[in-house]
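Subject: Structure for you to look at

Hello,

Here is the structure I promised to pass on. Please open it first, then read my notes below.

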Amino acid sequence: MSRKNKLLLRLQQRPKDFTWDELSVLLKSLGYKQAKSGKTGGSRRRFIHPTAATITLHKPHPNNIVKMYIIDDILELLKKEGML
């Protein structure tokens with residue numbers, strides 16, 4: 001099983017310890033690219049896909065754990081775009 005598939009399965013289980021790094025790797029494996037933010041971008045991050053909707057998220061800090069509502073939003077978007 002590929003890392004992408006493992007991360008997709010893990011995301012679908014809605015774990016409480018899903019990290020920002022795992023989410024970034026997963027989105028990149030699905031064809032998203034992280035947009036470069038300007039000087040005042042702060043913790044806001046955009047992931048752009050050539051054919052799917054853009055994902056805008058706040059990078060969690062000070063820890064690296066993604067909030068559950070973000071996981072739910074990502075799952076909903078990936079289902080809507082036919083990636084799940």
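The notes below go from the overall fold to single residues.

**Overall**

Please keep in mind that this is a predicted model. The protein has 3 helices and 3 strands. From the N terminus on, the order of the elements is α-α-β-β-β-α. The C-alpha trace spans about 40 × 30 × 20 Å along its principal axes. For 84 residues, a compact globule would have a radius of gyration near 12 Å, and the protein agrees with that at 12 Å. Of those 84 residues, 37% count as buried. The exposed surface comes to about 5700 Å², and carbon and sulfur atoms supply 50% of it. I also looked at contacts between residues at least 6 apart in sequence: 45% of them join residues at least 24 apart.

**The sheet**

The 3 strands form an open sheet in the order β1-β2-β3, with antiparallel pairing. The edge strands are β1 (33-34) and β3 (55-58), and each of these pairs on one side only. In general, strands of a sheet pair through backbone hydrogen bonds, either parallel or antiparallel.

Now the two pairings in turn. β1 and β2 are joined over 2 bridges, in the antiparallel sense. Here Lys-33 has Ile-48 of β2 as its bridge partner. β2 (residues 44-48) and β3 are joined over 4 bridges, again antiparallel. Arg-44 is bridged to His-58 of β3. Arg-46 is bridged to Thr-56 of β3. A hairpin through 6 residues links β2 to β3.

Which residues of β2 sit on its covered face, and which on its uncovered one? Arg-45 and Phe-47 are on the covered face. Arg-44, Arg-46 and Ile-48 are on the uncovered face. The general rule is that side chains in a regular strand alternate between the two faces of the sheet.

**Arg-46**

Arg-46 is found in strand β2, on the uncovered face. Its relative accessibility is 40%, so Arg-46 counts as partly exposed. Setting aside neighbours within four places in sequence, Arg-46 is in contact with Lys-33, Gln-34, Ala-35, Thr-54, Ile-55 and Thr-56. Gln-12 is 34 residues away from Arg-46 along the chain, and their C-alpha atoms are separated by 21 Å.

**Helix α2**

The buried residues of α2 are Trp-20, Glu-22, Leu-23, Ser-24, Leu-26 and Leu-27. As a general point, an α-helix has 3.6 residues a turn, so residues three or four places apart point the same way. What covers the buried residues of α2? The cover includes α1 (3-12), β2, β3 and α3 (68-80). Just after α2, Gly-31 takes a positive phi of about 100 degrees.

**Glu-22**

Please take a look at Glu-22, in helix α2 (residues 20-29). Is Glu-22 buried or exposed? It has 17% relative accessibility, so Glu-22 counts as buried; the cut-off for buried is under 20%. The side chain of Glu-22 reaches the backbone nitrogen of Thr-19 at 2.9 Å. Beyond its neighbours within four places in sequence, Glu-22 is in contact with Leu-7, Arg-10 and Asp-17.

**The aromatic pair**

How many aromatic pairs does the structure hold? It holds 1. The partners are Trp-20 and Phe-47, and the pair is tilted. Their centres are 5.9 Å apart, with 50 degrees between the planes. Trp-20 lies in helix α2 and Phe-47 in strand β2, so the pair ties together parts that are 27 residues apart in sequence. Both residues, Trp-20 and Phe-47, are buried. Phe-47 belongs to the covered face of β2.

**Where to look**

Best wishes

Methods: Residues are numbered from 1 along each chain as its sequence is written. This is a predicted model: local features need pLDDT of at least 70, side-chain atom pairs count only at pLDDT 80 or more; totals for chains, interfaces and linings use all residues. Side-chain values use heavy atoms; hydrogens and water are left out. Buried means under 20% relative accessible area, exposed over 50%, partly exposed in between (1.4 Å probe, protein chains only). A polar contact is a pair of N or O atoms within 3.5 Å; within protein, one must be able to donate a hydrogen and the other to accept it, and residues adjacent in sequence count only if both atoms are side-chain atoms. Contact means heavy atoms within 4.5 Å. Two strands pair if DSSP finds at least two bridges between them. Rings of Phe, Tyr and Trp (its six-membered ring) pair if their centres lie within 6.5 Å; planes under 30 degrees apart count as stacked, over 60 as edge-to-face and the rest as tilted. The radius of gyration is taken over C-alpha atoms; the globule rule is 2.2 Å times the number of residues to the power 0.38. Accessible areas come from the Shrake-Rupley method with a 1.4 Å probe; for residues, only the protein chains shown count as cover.
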